[in-house]
Amino acid sequence: MNRRNFLKTGFLGAMIATSPISLSALDSTTRTINRPGRLNLSFRPYELKLLHSFNLARSQRTTTPGVQVEIEYDGLIGYGEASMPPYLGENIASVSQFLSNLNLGQFSDPFRVEEILDYIDNVAPNNRAAKASVDIALHDLLGKIMKQPWYKIWGLNPELAPNTSYTISYDADPKEMEKKIEETAPFKIIKVKMGLDHDKEIVETFRKFSNVPICVDANQGWNNKEKALDMCHWLAERGCIFVEQPMDKMAIDDTAWLRERSPLPIIADEFLQRLPDVKRAAGAYDGINIKLMKSTGMHEAYKMAVLAKALGLKVMLGCMTETSCAVSAASQLSPMVDWADLDGNLLIANDIFDGMKVIDGKVTIPDRPGIGVIPR
Ligand code: MG
């Protein structure tokens with residue numbers, strides 16, 4: 001969808017809005033009052049359609065609700081996005097409500113990032129994806145003003161961007177399963193979702209077709225530490241390089257027990273969200289999975305990566321199902337991390353941005369200012 005259609009069909013919460021707006025009212029409203037020399041925020045819902053239904057240990061779905069955001073400042077536009085997989089507790093109504101309550105028009109200098117993001121963070125607790133959408137749009141805008149991509153502003157070498165994993169999930173139909181495996185061909189590392197009844201079957205099936213290293217995401221699905229340890233040993237013998245969130249996020253002592261014994265690094269995902277959680281993770285995990293929709297965006301994600309490295313933790317960079325907007329924003333940080341899981345844009349059928357590419361399995365950061373995206 002082009003920009004004109006975005007404005008025409010989109011509903012818009014201009015940041016000048018101060019009173020709560022109902023979703024139905026927003027659906028029929030388009031306001032484009034842009035004040036010069038001020039930050040002007042607009043947004044609209046955008047449902048992401050998944051190429052394959054997504055089977056997790058605790059859920060299955062074919063769409064993910066999203067909200068697309070723009071921040072306009074003196075003719076330049078920064079793009080941002082909120083993606084809200086249901087288990088994180090946000091939805092289109094909550095994100096729209098949060099964004100409607102923001103008054104970004106009070107800011108005339110977009111470079112006051114700490115001030116602007118502090119303000120946003122204090123409008124309401126939680127709402128991490130909503131906060132991320134504004135953070136990403138602000139970073140895109142700033143990069144465009146500076147005419148530089150964020151990896152350069154952060155002093156990172158794009159050649160050091162890692163390969164990204166690509167996720168396959170189990171399918172009971174062997175033909176479908178084979179098709180899913182074929183689609184993994186360009187990738188140098190494959191992520192296997194586990195914690196279902198077919199954990200070993202999916203790896204054994206995959207190994208009939210491919211020797212590519214795998215990583216495993218149990219999504220809290222292994223319900224006791226002995227089983228988790230057995231799985232770690234079994235997986236280590238089958239080309240697995242790390243295990244993500246093996247057990248319930250509350251099972252901290254059991255996870256620490258597992259880490260002591262596991263031949264594979266244990267990575268925290270559901271366990272942690274934001275910067276203060278990184279230090280907690282160091283007590284029970286070998287590494288952390290940073291995602292912009294958890295961290296409230298790029299600013300805090302960068303701080304989390306720096307802190308994690310200082311604490312000797314491995315860093316993984318993940319995403320939700322997202323368009324190339326949020327995935328490209330995350331890719332800017334990728335040269336800092338050990339592992340990337342940035343396949344969210346590849347899993348949807350209706351991407352509205354051109355941005356980060358996976359070339360020969362590797363995260364390839366767009367050579368464009370800001371987060372590096374252009375609307376399709
Ligand atoms: Mg995960």
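**Close-up views of a predicted model**

**View 1. Ala172 in its loop.** Ala172 sits in the loop between E6 and helix H7 (174–182); helices (H or I, at least four residues) and strands (E, at least two) are DSSP runs, numbered from the N terminus. The structure is a predicted model, in which local features need pLDDT of at least 70, side-chain atom pairs count only at pLDDT 80 or more, and totals for chains, interfaces and linings use all residues. Residues are numbered from 1 along each chain as its sequence is written, and side-chain values use heavy atoms, with hydrogens and water left out. Ala172 is exposed, at 64% relative accessibility (exposed is over 50% relative accessible area, buried under 20%, partly exposed in between; 1.4 Å probe, protein chains only).

**View 2. The magnesium site.** Asp217 (OD), Glu244 (OE) and Asp269 (OD) coordinate the magnesium ion at 2.2 Å. The spacing of these donor residues in sequence is D-x26-E-x24-D. Asp217 belongs to strand E8 (residues 214–217) and Asp269 to the loop between strand E10 (266–268) and helix H11 (275–281), so the pair ties together parts 52 residues apart in sequence. Asp217 is buried, at 1% relative accessible area, and Asp269 is buried at 3%. Donors are N, O and S atoms within 2.8 Å of the metal (3.2 Å for Na, K and Ca); water is not among the atoms, so sites may look incomplete.

**View 3. The open sheet.** Eight strands form an open sheet with parallel pairing, in the order E6-E7-E8-E9-E10-E11-E12-E13; two strands pair if DSSP finds at least two bridges between them. Strand E6 (165–168) and strand E13 (339–340) stand at the edges with a single partner strand each, so one side of each has no neighbour in the sheet. Strand E11 (residues 287–291) runs parallel to strand E12 (residues 314–318), and five bridges join them. Lys291 is opposite Gly318 in E12.

**View 4. The second largest pocket.** The second largest pocket holds about 190 Å³ of space. A pocket is an open set of points on a 1 Å grid over the protein atoms alone, where a 1.4 Å probe fits, with protein on both sides within 12 Å along at least five of seven lines; lining residues have an atom within 4 Å of a point. Helix H4 (113–123), helix H5 (128–146) and helix H13 (298–310) each supply at least two lining residues, and H4 gives the most, with five. Among the lining residues are Glu114, Asp118, Lys131, Arg274 and His299.

Methods. Grid points are joined across faces, edges and corners, and a volume is the space filled by probe spheres set on the points.
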